[in-house]
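Please show me how the features of a protein model are read from its coordinates.

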Amino acid sequence: MTFGWRPRAMPREALFGAVALLCILVGHGSPALAQTAGAVEPSAQEGGSPPQLENLEAFLDGFMDAYLAEGPVAGGVVAIVQRGELVLARGYGYDDLEVRRPVDPARTLFRLGSVSKLFVWTAVMQLVESGQLDLDADVNQFLEGFELPATFDTPVTMASLMSHTGGFEDRTLGLFSRSSDLPAPLGAILARDFPARVRPPGQFASYSNHGAALAMHVVELVSGQPWKEYLAEHVFQPLTMARTTFEQPVGPSLGSDLAKGYGVVGGELEEAGFEVVPLAPAGGASATATDMARFMVAHLQLGEFGEARILREETSRRMHGELFRHADGVNPMAYGFVDGSRNGERMIGHGGDTVLFHSLLQILPERKLGIFVAFNTAGANPAKLIDAFMDRYFPVSPPPPISPRDGWEERLSLLVGSYRSNRFSHSDLTKLPRQRRVEVTKAGDGALSVSSSGGARWLEVEPLLFREEHGARTLAFRQEGTTRATHMFVGDLPMIAFERPPLREGRRLHRGLASVSIVLFVGTLVLLPLGSFLRWRFRAPVDRDRRIPLPARALVWTSSLIFTIFFFGMALELQDSVQLAFGVTTRMRLLLLLPTVGGLVAAGSFFSLLRLWRRQQGRLGPRFAYTLVVLSSLTFLWQLAIWQLLSFPG
């Protein structure tokens, strides 16, 4: 998985394909004893009344023990802060299953994934505070050696990077690496292969790892310090975060305390290697839970941590405030923080995922409360604990029932149809496997149904705004005039939008065309040799003047073979699309050569087809069959071009 926001937990069929937990059973032992770091004196700042966290340890122990066993998950960690103090830091399970070493919240480092971006955005706001950065300035004025192309009149600004509205495609190919070689310098990585600009900035959010990495590169250019040194001096040292690092692999002083990551292979937990993140600022950090507690305290105290300060109060308030919102009723993006408000409480934070590690940091500014959760097993979901915590300590009454509004039939007709997440690559072979499609249909009585939402019904509360019938989740739509809606927004996913796919990329169209083509290809592979064999076996007379010439038959049979091998080979390769984040395998590179060869053969078949009809060679039936196969070959090539499968990765 790529670094990205983890929305609040939902059922297995949850909205828009939330990740289901991988299931095997391992023992996880007793939880590590809770460890409390030195308390930080709370500052005298206003805020909501602190909740009474009664029976907190019992609640966490019960939840985490059950979750690790059910998952199962090798290990996890939780840290909770309140009004400047570390209330609880607790480890569960193991950071190393082989030696059965318990997770220690003050010692064990977890990979943070995209929670790392909060350090980036904090650094950006520090430079804004000092007057060295203007959030509304074109980022090109800060870059050296390369610049973003002027694809649109509106420039990309730091504000658009912080709200993920820079307008970039999402490039995930090679986002991770298994190589032990040190990644190239950040500027070199960005200059070599930056994602294309596919929409004007400031219009729609589409989560971007490259955008965050670009922001950190601007920080190092403006500050004159390498970005790791900048973060160490201006963020980690003031907060005494001595056990937080961006080194990959983690250096010897901390490496022995890094939790091992576990995947699931053949029904068993299996240790996997270190996941190198070339775009390190976007997700390469490792830290202990107690270090992350210090970071939460600093933000909850509006930049203050003990005698140190990383941001002024006014800067902190601005950073936590609204920067961009798709629509009313949809959570906004703050300045790098993602608004995950729920249960009537304002909550901002960030989630993080590598393939093996999953983390989530959430703070409630008005309550001066923060919680950090991390796991070291593929498929774990920290949002489940956050949900349980919020429901226990901030319970809410069920929302009032909704009655259908007059005229709903006509309005809903303009909203139904197919939508796709706008977070995908437009220019490489991940375009197809990264397509997340949802179907919106009428559910009767003024309600909408959304595929993959667990059968939930959505009722209109305002024009273009819908609420879950028996819950608090929301959906919003954007409509231009009286035409069909163009976009859909999920209330607690402010960092992406769902858009109508163009007709040429319609799912049903491509499934239908591909199905017809594959049937014709396989039929050609079987029937041509079978016909020749039967004629030979029964010594049937052959009228060569009425038969399609052998070279033409050989061409169409060869193109059918090539395209069939490519289709089924790529279907197998793309089954595990997560692995594309580690780059293209040698097997896939070989497969990607086939369309070029098949295209050349198909071109020969096409010219043979023209000759057949011009010279009236072959009987009419075989000529029509030959025509269908050739046209299917050309159509198949067009489909491959649409989905960027004719492009060969560098």
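Predicted model: local features only at pLDDT ≥ 70, side-chain atom pairs only at ≥ 80, totals over all residues.

Q: Which residues of helix α10 are buried?
A: Two terms come first. Buried means under 20% relative accessible area, exposed means over 50%, and partly exposed lies in between (1.4 Å probe, protein chains only). Helices (H or I, at least four residues) and strands (E, at least two) are DSSP runs, numbered from the N terminus. In α10, residues 313-320, the buried positions are Thr-315, Ser-316, Met-319 and His-320. Viewed along the axis of α10, these buried residues fall within an arc of 130 degrees (taken from the directions from the helix axis to the C-beta atoms), so they line one face of the helix. They pack against α2 (117-129), α9 (289-300), β12 (348-353) and β13 (358-364), where contact means heavy atoms within 4.5 Å.

Q: Which residues of β12 point one way, and which the other way?
A: In a regular strand the side chains alternate between the two faces of the sheet. From β12, Ile-348, His-350 and Gly-352 point one way, and Gly-349, Gly-351 and Asp-353 point the other way. The strand β12 is mostly covered, with six of its six residues buried.

Q: How many bridges join β12 to β13?
A: Two strands pair if DSSP finds at least two bridges between them. Six bridges join β12 to β13, and the two run antiparallel; Gly-352 has Ser-359 in β13 as its bridge partner. A hairpin of four residues connects β12 to β13. Strand β11 (residues 338-339) is also antiparallel to β12, through two bridges, with Asp-339 opposite Ile-348.

Q: In the open sheet of three strands, what is the order?
A: The order is β4-β8-β5, with antiparallel pairing. Strands β4 (110-111) and β5 (244-245) stand at the edges with a single partner strand each, so one side of each is left without a neighbour in the sheet. Within the pairing of β5 and β8, Thr-245 has Ser-286 as its bridge partner.

Q: Which residues of the largest nonpolar core touch the most other members?
A: A nonpolar core is a set of buried Ala, Val, Leu, Ile, Met, Phe, Trp, Tyr and Cys residues joined through side-chain atoms within 4.5 Å. Of the 86 residues in the largest one, Phe-119, Val-124, Leu-231 and Met-292 touch the most other members. Helix α2 gives the most to this core, with nine residues. Leaving aside neighbours within four places in sequence, the contacts of Val-124 include Leu-133, Met-158 and Val-219.

Q: How many salt bridges does the count come to?
A: Side chains of opposite charge can pair when their charged atoms come close. A salt bridge is a side-chain nitrogen of Lys or Arg within 4 Å of a carboxyl oxygen of Asp or Glu, and by this rule the count comes to 31. In one of them, Asp-96 pairs with Lys-260, the closest N and O atoms being 3.1 Å apart. Asp-96 lies in strand β2 (residues 85-96) and Lys-260 in the loop between α7 and β6 (261-265), so the pair ties together parts that are 164 residues apart in sequence. Asp-96 is buried at 7% relative accessibility, whereas Lys-260 is partly exposed at 27%.

Note on methods. Residues numbered from 1 in each chain as written. Heavy atoms only, no water.
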